[in-house]
Amino acid sequence: PVEKIIKNVVMNIRFMDGDTFIAGGDYLLPEGVQNYNILLPYVPEGYQMCVAGDFMVAEGTSLDVPVEKIDKTVVMNIRFMDGDTFIAGGDYLLPEGVQNYNILLPYVPEGYQMCVSGDFMVAEGTSLDVPVEKIDTSCIVNIRYMDGDEFIAGGDYFFTEGETVKFGDLELPEGYELDTALNNAESGFVAGDGVQVIVHIKKISAGSSIHVIFKDIFGKTLGHGDFIVDKDGNGVARYSELQPLPEGYELYFDAPFCVIEGKTYIVVLKKIVTDPEPSEPSEPSEPSEPSEPSEPSEPSEPSDSSTPSASQGDDSQDSSTSSAAEDTNAPQTGDYTPIAVAMGTMLVAAAGAVVVLKKKNGFEG
């Protein structure tokens, strides 16, 4: 039988991780076509070949063999620090060995960036503080606070880029408030570099103090006092703001008036007139029944003597007077009572005249 004689030759092998030389040298290898597996004993520790198949071994030649690092993950404690302030961190699974800080990028807290670069050693059970800083996303917005056409305050202010800012959240100049007639508190602007904003404001008014003397229409003083009016600061108030008024009095009318701080005003009031409650009408009384008239008395018979004496004349006169009086006082009926009274009075007067005539003619006894 015939055996093939294996001839070993020297060949230069370089184990390369990309463009990085990891290890290599001159190796004694069997000449001819060989499989990459014959190089396994020479692969650097922690690496593995990235190629398979056959290659030609010849005296004095060289070969670059691609390799890659074998990833062995270990647990390492990482703390992301902004100066002395702990921002975030914990235990992370990292490939063992020398690693670049870029492998920590997925773990950097949101809104922060690492302040370090280069390599660091990853080993089981170790820890590392990684310096970070807040990413500056600020922008400058120019704000002018205007009271009408008058510039009150303003300047450049820092905001977060893209932030929506409400007018109601702004810090206004002292003594002023938002003029909601021109700027709604819920509206605003989006912050960005170069943005210019005008914010309409107005002075906060605490009102004006005036002294008021209340008088009636005759000039009598009813009371006085100090009042705060014109709280909207427009220089005009109404008399109805003067409360309370003296008890029992009211304004003649309500009207606007110009306000001057500290001035004394005279206000004329009128007395409050209250209408009395109407009383309930009383029930009418029942009319009384008229009384029945009495029957008239019978007249007396005349005397039979044809020539009366003087004394008889007097008695006759007295009798006539008495009869007239009796006729006057006699009860009457119907509506003729006043006429009967008048006639009786006339009869009495006539009888008196007869007596006087008798005396003058010598009939006096």
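Predicted model: local features only at pLDDT ≥ 70, side-chain atom pairs only at ≥ 80, totals over all residues.
**Exercise 1. Work out which element holds each partner of the salt bridge between Arg238 and Asp254, and classify both residues by accessibility.**

Solution. Begin with the contact itself: the closest N and O atoms of Arg238 and Asp254 are 3.2 Å apart, and a salt bridge requires such a pair to be within 4 Å. Then locate the partners, for Arg238 belongs to strand S21, whereas Asp254 sits in the loop between S22 and S23, so that the pair links distant parts of the chain, 16 residues apart. Finally, Arg238 has a relative accessible area of 36% and is therefore partly exposed, and Asp254, also with 36%, is likewise partly exposed.

**Exercise 2. Decide whether Phe253 is buried or exposed, and name the surface patch residues that accompany Phe253.**

Solution. Phe253 lies in the loop between strand S22 (249–251) and strand S23 (256–258). Its relative accessible area is 57%, and because exposed means over 50%, Phe253 counts as exposed. Phe253 contributes to a nonpolar surface patch of about 690 Å², together with Ile217, Phe218, Tyr252, Ile266 and Val268.

**Exercise 3. Describe the salt bridge between Glu186 and Lys166, and explain why the pair ties together separate parts of the sequence.**

Solution. The side chains of Glu186 and Lys166 meet in a salt bridge with an N to O distance of 3.0 Å. Since Glu186 lies in the loop between strand S16 (176–178) and strand S17 (188–190), while Lys166 is in strand S15 (residues 164–166), the pair ties together parts that are 20 residues apart in sequence. As for accessibility, Glu186 is exposed at 55%, whereas Lys166 is partly exposed at 35%.

**Exercise 4. State how many salt bridges the structure holds, and locate the partners of the one between Lys72 and Glu96.**

Solution. The structure holds five salt bridges. One of them joins Lys72 to Glu96, with the closest N and O atoms 3.7 Å apart. This pair links distant parts of the chain, 24 residues apart, since Lys72 is in the loop between strand S6 (62–69) and strand S7 (73–82), and Glu96 is in the loop between strand S8 (85–95) and strand S9 (97–100). Glu96 is partly exposed, its relative accessible area being 29%.

Key: Residues numbered from 1 in each chain as written. Heavy atoms only, no water. Patch = residues over 30% accessible without salt bridge, like charges linked within 9 Å, V, L, I, M, F, W, Y side chains within 5 Å. Areas by Shrake-Rupley, 256 points an atom, 1.4 Å probe, with all protein chains shown as cover. Helix = DSSP H or I, 4+ residues; strand = E, 2+ residues; numbered from the N terminus. Buried < 20%, exposed > 50% of the residue type's maximum accessible area, 1.4 Å probe, protein only.
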